[in-house]
Amino acid sequence: MTNETKVKVVTADPSALGLFGLALITFVASSQKLGLTSGVSYVLPWAIFLGATAQLIACINDFKHDNTFGATAFGAYAMFWYAVGFTWLIKAGVFGAELAATVDVKQLGFAYLGFLIFSVIMTIGAMETHKVLFTIFVLIDFLFIGLSLSSFGIMEHAMHSLAAYSEMAIALVGFYGCGAAVLNTHFGRVFLPVGKPFGIFKK
């Protein structure tokens, strides 16, 4: 007769780190869109390390939590910021003048449109998480509406402004969500309320 020993591996909730990464990069990137700063040279490091890598770490750990929704969301937006970083590098000629000379911004429009479709799906899912996360996804929807339409040359100025203000709002709500995820867990009580799920779709 053999004795079995079962070991439960406990990992902390990675959503605080993921939300911080999202909040920080949208805060920095929106400053450029709003004309408060210029260029993307100093946006790039935050895009790679916070927007992309922090959310990727959160994604991997959400997979360990068997959290398909969180893992998919953080993973997809992590890859978005890696891709955005590379588009800036291409445009700056880092990979050669020939590649930089052949960029077509409408291709970005299709990428943004694809992410808009994805974000709408995730917004529906976020209705059964909590209202802070749902608000973030609604704002992300508006961000991608602005980005995709401006990339296609449709009401460029208005859509650029929509993207800029939506992105700043994502940052502010994201900071709140990060704070709630950390402090509510740390104190073992509701320190910052996040709102209950809508309770529409889940049985």
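Angles under 35 degrees count as roughly parallel, those over 145 as roughly antiparallel, 65 to 115 as roughly perpendicular, and the rest as oblique. The structure is a predicted model, in which local features need pLDDT of at least 70 and side-chain atom pairs count only at pLDDT 80 or more, while totals for chains, interfaces and linings use all residues. Residues are numbered from 1 along each chain as its sequence is written, and side-chain values use heavy atoms, with hydrogens and water left out.

**Helix pairs**

Two packed helices are described by the angle between their axes and the distance between the axes. Axes are lines fitted to C-alpha atoms, for helices over the stretch in contact, and angles run from 0 to 180 degrees between N-to-C directions. Helices (H or I, at least four residues) and strands (E, at least two) are DSSP runs, numbered from the N terminus.

The axes of α1 and α7 cross at roughly 150 degrees and come within 7 Å. These two helices, α1 and α7, are therefore roughly antiparallel to each other. Where α1 passes α7, the crossing is left-handed (the near helix is turned anticlockwise from the far one by less than a right angle; clockwise would be right-handed). The contact of α1 with α7 has 18 nonpolar, 6 polar and 2 charged residues. In this count, Ala, Val, Leu, Ile, Met, Phe, Trp, Tyr, Cys and Pro are nonpolar, Asp, Glu, Lys and Arg are charged, and the others, Gly among them, are polar.

For α5 and α6, the axes come within 8 Å and cross at roughly 160 degrees. The helices α5 and α6 are therefore roughly antiparallel to each other, and α5 passes α6 in a left-handed crossing.

**Pockets**

A pocket is an open set of points on a 1 Å grid over the protein atoms alone, where a 1.4 Å probe fits, with protein on both sides within 12 Å along at least five of seven lines; lining residues have an atom within 4 Å of a point. Grid points are joined across faces, edges and corners, and a volume is the space filled by probe spheres set on the points.

| Pocket | Volume |
|---|---|
| Largest pocket | about 870 Å³ |
| Second largest pocket | about 450 Å³ |

The second largest pocket is lined by 24 residues, and the closest to its centre are Asp13, Ser15, Leu19, His130 and Leu133. Its lining takes two or more residues from each of α1, α2 (44–64), α3, α6 and α7.

In the largest pocket, α3 gives the most to the lining, with 8 residues. The lining of the largest pocket divides into 17 nonpolar, 7 polar and 5 charged residues.
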